[in-house]
Amino acid sequence: GVMDEDQVQIYLPEGKAESEAAGRWCALKDWPSNNLTPRRFYLAGAALAQTLSPSTGEARVTFSAEATTGVDSRWNGVLGRGVYPDRAENDAFGAVFTSEPLGGPLDLGGHPRLHLRVVPQVDDADIFVYLEEVTASGAVFYRTEGMLRLSHLARATSPYFNAGLPWRSHRAQDIHPLKPGAPVTVELDLLPFAARFAQGSRLRLVFQGGDADNFASPAGIPMPYSVLWGGAQGSWFEIGEIRCTMSTR
């Protein structure tokens, strides 16, 4: 009967979810799925707002040697467990945008997308961005991440189906230095994921300039950048709300 099942089975963890018991399986007929309803949040001050702010501003991000996803992150998941510590302290090393508390539990996932207006302060910058869940008790859980060196910003045509997500070749001819102080538009997707966000939890985006335990940054070359928010030229974040049936798996 396996061929009669829905084609996609996804797991929605809840809380820290170090065991499969702390979540549930969900069945979808396709991926990317028509059962994902886009929900957009706008960066505004230090908030993730569901309406566009007429006010404008910028959040400056600098490299910190203390910013890290840890030594047991997904980058070392083959050798370790891939378990993330509470990220509240780490968030202090970046620019943070947090939503209002959720009125009820919410299943979110898919391929989160960011439309960013970024101002590099030198001719390049490393963007590390994380989606987190901040629980009502104040615990901060990692959910997914994305990163890009801005000199690799130029998009190319993907040689395979990639659901319309931004794709870069990372070839030498497609790498270009930036003009310091000149805003650029950055289309960036985060790694696909799924999770149940609890009632009272908040969504949080964190922008940092490095990941000390997993990526080498150019020695002695700080690469600060600013993320612009608000107004027609502001930045936003989009994620899918999942509607699915409970799987029998």
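**View 1. The largest nonpolar core of this predicted model**. Start here, with a core of 37 residues. V186, L205, F207 and F237 are the members that touch the most others in it. If you look for the strand that gives the most to this core, go to β7, residues 106-120, which supplies five residues.

**View 2. The surroundings of F207**. Setting aside neighbours within four places in sequence, you can find F207 in contact with L43, V61, G94, A95, F97, L116, I127, F128, V129, Y225 and V227. F207 is also one of the residues that touch the most other members of the largest nonpolar core.

**View 3. A second, separate core**. Eight residues make up this core, among them V8, I10, L28 and L36.

**View 4. The fold as a whole**. The protein chain has 15 strands and zero helices. Of the contacts between residues at least 6 apart in sequence, 77% join residues at least 24 apart. Buried residues account for 48% of the 249 in the chain. Along its principal axes, the C-alpha trace spans about 55 × 45 × 40 Å. Why does the radius of gyration agree with a compact globule? A compact globule of 249 residues would have a value near 18 Å, and the protein chain has 18 Å, so the two agree.

**View 5. Surface and charge**. The accessible surface of the protein chain is about 12300 Å², with 53% belonging to carbon and sulfur atoms. There are 22 positive and 28 negative side chains, and the centres of these two sets lie 4 Å apart.

Note on methods
Residues numbered from 1 in each chain as written. Predicted model: local features only at pLDDT ≥ 70, side-chain atom pairs only at ≥ 80, totals over all residues. Heavy atoms only, no water. Helix = DSSP H or I, 4+ residues; strand = E, 2+ residues; numbered from the N terminus. Rg over C-alpha atoms; globule rule 2.2 N^0.38 Å. Buried < 20%, exposed > 50% of the residue type's maximum accessible area, 1.4 Å probe, protein only. Contact = heavy atoms within 4.5 Å. Areas by Shrake-Rupley, 256 points an atom, 1.4 Å probe, with all protein chains shown as cover. Lys, Arg positive; Asp, Glu negative; His and termini not counted. Charge placed at Lys NZ, Arg CZ, Asp CG, Glu CD. Core = buried A, V, L, I, M, F, W, Y, C linked by side-chain atoms within 4.5 Å.
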